[in-house]
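This briefing is meant to be read with the sequence and the coordinates open side by side. It asks how the parts of one chain pack against each other and which residues do the packing.

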Amino acid sequence: MTAAAFPARAARPEGADALLDAARSALDAGRRAEARRELERAAALPLDAARLTRLIGLYESVPDYCLAADAGRRLVRRTGGASALILYADGAAYCGRRARAAAALEKAFAETSKPEDLDQIAYLFLYDGRPARSVAASDRYLRLTPGDLWHWARRARACAQAGDAAAARAALAREREFLKDPRALCRGLASPTAYDRARDGLVWPAAQDGFGTPELRRACRETSLAVVARALDDCAGRPAVLSHAGLIAGALGDDGLERRALSAAVAAGADDPD
């Protein structure tokens with residue numbers, strides 16, 4: 001039998017970028033075991049900060065937060081700084097290393113003045129069950145970025161969990177003010193971290209348990225759905241905005257609004273596999 005009779009073996013990707021690309025492709029196709037193998041090979045290589053950051057994100061997509069935390073620890077050792085500490089704390093918190101995550105967050109909070117860092121720190125403090133620290137991070141963030149309607153919704157939850165219902169109501173009222181400005185709405189939904197902010201800021205306040213009074217929970221849910229409905233009118237033709245809006249509506253339990261938003265996103269050209 002000639003060599004041509006045998007099927008050619010697929011070439012194995014070599015080098016960190018090729019391995020990370022292969023892992024991304026495998027994840028997109030739903031082949032998680034294959035993605036894990038490619039990530040394991042990539043993690044064994046010496047990686048710079050950019051590739052370590054990408055490795056962390058891919059491990060979180062698997063999801064494997066413990067391996068994401070391990071890569072985050074490598075990033076902290078390589079670069080230091082608040083952004084690396086936050087990436088490490090994110091993975092560590094989700095895989096149960098709560099004490100280490102808390103220490104990393106406190107160090108990042110003391111070091112950073114970047115709005116994007118403070119927003120993430122406020123979320124992670126809240127996830128870690130420390131709403132008062134979340135409010136403290138939120139105070140600093142909102143002085144720099146007062147127009148973030150997603151953050152105002154999450155702040156409402158943090159204030160309520162910290163026992164300050166009046167501050168929670170004030171945060172909701174401020175979020176409603178931003179509904180009057182379609183430009184702020186579209187900017188918020190279209191930002192790179194839009195879905196994370198929407199999920200954490202809007203779904204959590206609408207939760208059935210552990211958040212303030214029934215009145216506050218209803219107000220959060222109503223405000224969140226109003227954001228989505230407004231997006232259908234003010235952000236028509238913007239597929240990224242509409243697809244985020246549909247995912248939020250689905251998480252909040254409004255199937256009809258979810259279908260409307262996702263149908264509009266597809267019609268506008270959305271190609272996000274989610």
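The model is predicted, and its chain contains 15 helices and zero strands. Of the 274 residues of the chain, 42% count as buried, and among contacts between residues at least 6 apart in sequence, 60% join residues at least 24 apart.

**Helix α1 and the residue after it**

- Helix α1 has 13 residues and reaches 18 Å from its first C-alpha to its last, which is close to the 18 Å expected at 1.5 Å a residue.
- The buried residues of α1 include Ala 16, Leu 19, Leu 20, Ala 22, Ala 23, Ala 26 and Leu 27, and, because these buried residues fall within an arc of 160° when seen down the axis of α1, they line one face of the helix.
- Among the elements that cover the buried residues of α1 are α2 and α3.
- Just after α1, Gly 30 adopts a positive phi of about 80°.

**Helix α2**

- Ala 35, Glu 38, Leu 39 and Ala 42 are buried in α2, and they cover an arc of only 100° around the axis, which puts them on the same side of α2.
- Ala 33 and Glu 40, by contrast, are exposed on the other side of α2.
- The cover over the buried residues of α2 includes α1 (16-28) and α3 (49-61).

- The 15 residues of helix α4 (residues 65-79) should span 21 Å at 1.5 Å a residue, and the end C-alpha atoms are 20 Å apart, which agrees.
- The buried residues of α4 are Ala 68, Ala 69, Ala 71, Gly 72 and Leu 75, and since they fall within an arc of 165° seen down the axis of α4, they line one face of the helix.
- What covers these buried residues of α4 includes α3 and α5.
- The axes of α4 and α5 come within 8 Å and cross at roughly 160°, and α4 and α5 are therefore roughly antiparallel to each other.
- The crossing in which α4 passes α5 is left-handed, and the contact is made on the α4 side by Tyr 65, Ala 69, Gly 72, Arg 73, Leu 75, Val 76 and Thr 79, and on the α5 side by Ala 84, Leu 85, Leu 87, Tyr 88, Gly 91, Ala 92 and Tyr 94.

**Helices α14 and α15**

- Helix α14 (residues 239-251) and helix α15 (residues 255-267) have axes that come within 8 Å and cross at roughly 160°, and the two helices are therefore roughly antiparallel to each other.
- The crossing of α14 and α15 is left-handed, with a contact to which α14 contributes Pro 239, Leu 242, Ser 243, Ala 245, Gly 246, Leu 247, Ala 249 and Gly 250, while α15 contributes Leu 257, Glu 258, Ala 261, Leu 262, Ala 264 and Ala 265.

**Individual buried residues**

- Leu 27, which is found in helix α1, has a relative accessibility of 13% and therefore counts as buried.
- Leaving aside residues up to four places away in sequence, Leu 27 touches Arg 32, Ala 35, Leu 58, Ser 61 and Val 62; the C-alpha atoms of Leu 27 and Val 62 are separated by 7.2 Å, although the two residues are 35 residues apart along the chain.
- Asp 90 lies in helix α5 (residues 82-94) and, at 10% relative accessibility, counts as buried.
- Not counting residues up to four places away in sequence, Asp 90 touches Glu 60, Gln 120 and Leu 124.
- Ala 168, found in helix α10 (residues 165-178), has 0% relative accessibility and so counts as buried.
- Ala 168 and Ala 156 are twelve residues apart in sequence, and their C-alpha atoms are 4.1 Å apart in space.

Notes: Residues numbered from 1 in each chain as written. Predicted model: local features only at pLDDT ≥ 70, side-chain atom pairs only at ≥ 80, totals over all residues. Heavy atoms only, no water. Buried < 20%, exposed > 50% of the residue type's maximum accessible area, 1.4 Å probe, protein only. Helix = DSSP H or I, 4+ residues; strand = E, 2+ residues; numbered from the N terminus. Arc of directions from axis to C-beta. Contact = heavy atoms within 4.5 Å. Axes fitted to C-alpha atoms, helices over the stretch in contact; angles between N-to-C directions. Parallel < 35°, antiparallel > 145°, perpendicular 65-115°, else oblique. Left-handed = near helix turned anticlockwise from the far one by under 90°. Expected span 1.5 Å × (residues − 1).
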